[in-house]
Amino acid sequence: MGFSLIPILRSLPKASSVILLFLLLLICTCFTSTEAYDPLDPNGNITIKWDIISWTPDGYVAVVTMNNFQQYRHIPAPGWSLGWTWAKKEVIWSMMGSQATEQGDCSKFKGNVPHCCKKDPTIVDLLPGTPYNQQIANCCKGGVLSSWAQDPTNAVASFQVSVGRAGTTNKTVKVPKNFTLKAPGPGYTCGPAKVVRPTQFLQADKRRVTQALMTWNVTCTYSQFLAQKNPTCCVSLSSFYNDTIVPCPTCSCGCKGNSSSCVEADTPHLEQVVSGSGKNSLTPLVQCTSHMCPIRVHWHVKLNYKEYWRVKVTITNFNYRQNYSEWNLVVQHPNFDNLTQLFSFNYKSLTPYGAINDTAMLWGVKFYNDLLNQAGEFGNVQSELLFRKDKSTFTFEKGWAFPRRIYFNGDNCVMPPPDAYPWLPSAGSRQEVSLLALMMACLISLVLYAFA
């Protein structure tokens, strides 16, 4: 049985029904989804696997492995931090490949003091250059994890932990609770730990298989809404067939002077101003612009050949506080099925919708342009893409040549409204339709209905 507003509206005075309809219209247009589901990476997650490999007199030794199964979202410096709450009164006797950020109160222990006695420890990766006797495989990267599509060999992190006061059998061990993952800020939500089939390990000679004594998994998913209040990037557009340059929408990532700090590009002694503006490197300090975004992606339709067409993509960093290492760009456009050549970027096809090849992942060439410098003269990277024309679908009309959506480092960028796209000169008189006009038309229709 469906729910209908019509009986409620008819029971109210007509003036009240108009106000109610207007409020519902505002709610519908302002609602923001908080779901972690990503349509371009529907199976993306970070899976934490906890393998008990041996028992000790009062607990166990386990290897904890983090696998970043996200196609294009990586964990940049200063890296991940993993937390949980012990189910009983467990302590961490020792660790290899990582460390707890705090020891906690270990005053009850005489002689041998645990590495960490906190009920809710926070674990961080060790830095590169850690002595070999403190390392295990896949550790010591400073908490940096690559995305799965970009570099799967570096999308894994591991550490070893010796846990005491925990029980010494599968029936007495209790799984930890309330797992948290920061990478390095908020955004990830972790589910409960679930006991699964013990992991099997293939020995070095590949002739013997061993298995963990007990294994549990934790799955963490990312939500851009939880990660930050405002978007982090925007898109601007231009083309050879129209003089109009469509800028990023105003206030895409916040408004200038509205609780958002920025620095003018021509500020005297700019370096001193930036260095003295705060030590929290996770909070962007951007150059003052109309869009106030740390990152702008510009898509320019550059040339038109008989059988091909060319696009220039430029990524500009307006953030004075961050260099973006191992950056990546995800672009959705129907002509990626006919991408012929790419200059100075790496490319990988993503197929979130099965056989439809309309999504591409682009990233920099190692040691050449994989580092996007902070705002300034060298704070941009660019490339050109050459597409072959498919005569059955190709057109420059109605904004077809521009991308459907763009992600930078896994975050969805703000696109200009479709009615602002550069149109062909032969388009003639073009009807402009703004969001405000649509809302006003809806409101007038609702008013007419209420007083009918």
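Mentor: Of the 452 residues in the protein chain, 44% count as buried (under 20% relative accessible area, using a 1.4 Å probe and protein chains only). This is a predicted model, where local features need pLDDT of at least 70, side-chain atom pairs count only at pLDDT 80 or more, and totals for chains, interfaces and linings use all residues. Residues are numbered from 1 along each chain as its sequence is written, and side-chain values use heavy atoms, without hydrogens or water.

The chain has five helices and 28 strands (DSSP runs numbered from the N terminus: H or I of at least four residues for helices, E of at least two for strands). Let us take β19. It spans residues 308–317.

Where does β19 sit in its sheet? The sheet is open and has six strands, in the order β15-β14-β18-β19-β26-β22. At the edges are β15 (242–246) and β22 (339–342), each pairing on one side only.

Now look at the partner β26, residues 380–388. Nine bridges join β19 to β26, and the two run antiparallel (strands pair when DSSP finds at least two bridges between them).

Next, the rings. The whole structure has 25 aromatic pairs (rings of Phe, Tyr and Trp, the last by its six-membered ring, with centres within 6.5 Å). In one of these pairs, tryptophan 309 meets tryptophan 400, with ring centres 6.0 Å apart and planes at 45°, so this pair is tilted (stacked is under 30 degrees, edge-to-face over 60, tilted the rest). Tryptophan 309 lies in β19 and tryptophan 400 in the loop between β26 and β27, so the pair ties together parts that are 91 residues apart in sequence. Both tryptophans are buried.

Which residues join these two in a cluster of ring pairs? Phe240, Tyr241, Phe336, Phe387, Phe394 and Phe396 are linked with Trp309 and Trp400. Of these, Phe387 falls within the residue range of β26.

Key
Buried < 20%, exposed > 50% of the residue type's maximum accessible area, 1.4 Å probe, protein only.
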